[in-house]
Amino acid sequence: MADRTTSSITIAADPATITAVIADFPSYPGWAGQVKSARVLSVGDDGRPETVRFVLDAGVISDEYTLAYSWRGDEAVDWQIAEPGKMVSALTGSYRLAPRGAGTEVTYDLAVDLKVPMIGMIKRKAEKVIVDTALKGLKKRVEGR
């Protein structure tokens, strides 16, 4: 998984508020465009989701898989594939949150590998759509609360 897609956005909220929205996986279909469902399978000692089952429809990438999450307070969350799907063979990502003035800069990093051959340019475009849609949706969800 050499190629990664990274993008950032500033959200007018503190990291704890943003992290609470990120951790509310059942609400993802309402703001994370490509996520059709997200079901928490297990919760860690900190009370935050540890494994989550996703149904994703991002056009060229449509699949069902499970991700494992690792939380670092309200500063970051990392995830990786725990159970691959039919198309997605590997997936790693993270949100990094850094206070910036009256808001928080949120950086989303994503790398996806597929079981089916796909031209790198098309795969990176799909990753970029996922990242940009998620960041814009997250901003709208947090600031609209």
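Set aside the neighbours within four places in sequence, and arginine 53 is still in contact with Ser37, Ala38, Arg39, Leu41, Glu64, Tyr65, Thr66 and Glu83. This comes from a predicted model. Arginine 53 sits in strand S3, which spans residues 49-58. With a relative accessible area of 16%, arginine 53 falls under the 20% cut-off and so counts as buried.

One of those contacts is worth a second look. The side chains of arginine 53 and glutamate 83 are joined by a polar contact of 3.2 Å, and the pair also qualifies as a salt bridge, with the closest N and O atoms 3.2 Å apart. The two partners come from distant parts of the chain: glutamate 83 belongs to strand S5 and arginine 53 to strand S3, 30 residues apart. While arginine 53 is buried, glutamate 83 is partly exposed at 43% relative accessibility.

The structure holds 8 salt bridges. Arginine 48 pairs up with aspartate 74 in one of them, the closest N and O atoms being 2.6 Å apart. Arginine 48 is in the loop between strand S2 (35-43) and S3, and aspartate 74 is in the loop between strand S4 (61-72) and strand S5 (76-83), so this pair ties together parts that lie 26 residues apart in sequence. Aspartate 74 itself is partly exposed, at 27% relative accessible area. Another salt bridge brings together the side chains of arginine 100 and glutamate 105, at 3.3 Å from N to O. Both ends are partly exposed: arginine 100 has a relative accessibility of 47%, and glutamate 105 has a relative accessible area of 24%.

Next comes strand S7 (residues 103-114). Of its 12 residues, 10 are buried, so the rest of the structure largely encloses this strand. S7 pairs with strand S1 (residues 5-11) in an antiparallel arrangement, through 7 bridges; here serine 7 has tyrosine 108 of S7 as its bridge partner. Strand S6 (residues 88-100) is also antiparallel to S7, with 12 bridges between them, and leucine 91 stands opposite valine 112 in S7. S6 and S7 make a hairpin with 2 residues between them, and glycine 101 in the turn takes a positive phi of about 60°.

That leaves helix H1, covering residues 15-23, where the buried residues include Pro15, Ile18, Thr19, Val21, Ile22 and Ala23. At the start of H1, aspartate 14 puts a side-chain oxygen within 3.1 Å of the backbone nitrogen of alanine 16.

Conventions. Residues numbered from 1 in each chain as written. Predicted model: local features only at pLDDT ≥ 70, side-chain atom pairs only at ≥ 80, totals over all residues. Heavy atoms only, no water. Helix = DSSP H or I, 4+ residues; strand = E, 2+ residues; numbered from the N terminus. Buried < 20%, exposed > 50% of the residue type's maximum accessible area, 1.4 Å probe, protein only. Polar contact = N/O pair within 3.5 Å; in protein donor to acceptor, adjacent residues only side chain to side chain. Contact = heavy atoms within 4.5 Å. Pairing = 2+ DSSP bridges. Salt bridge = Lys/Arg side-chain N within 4 Å of Asp/Glu carboxyl O.
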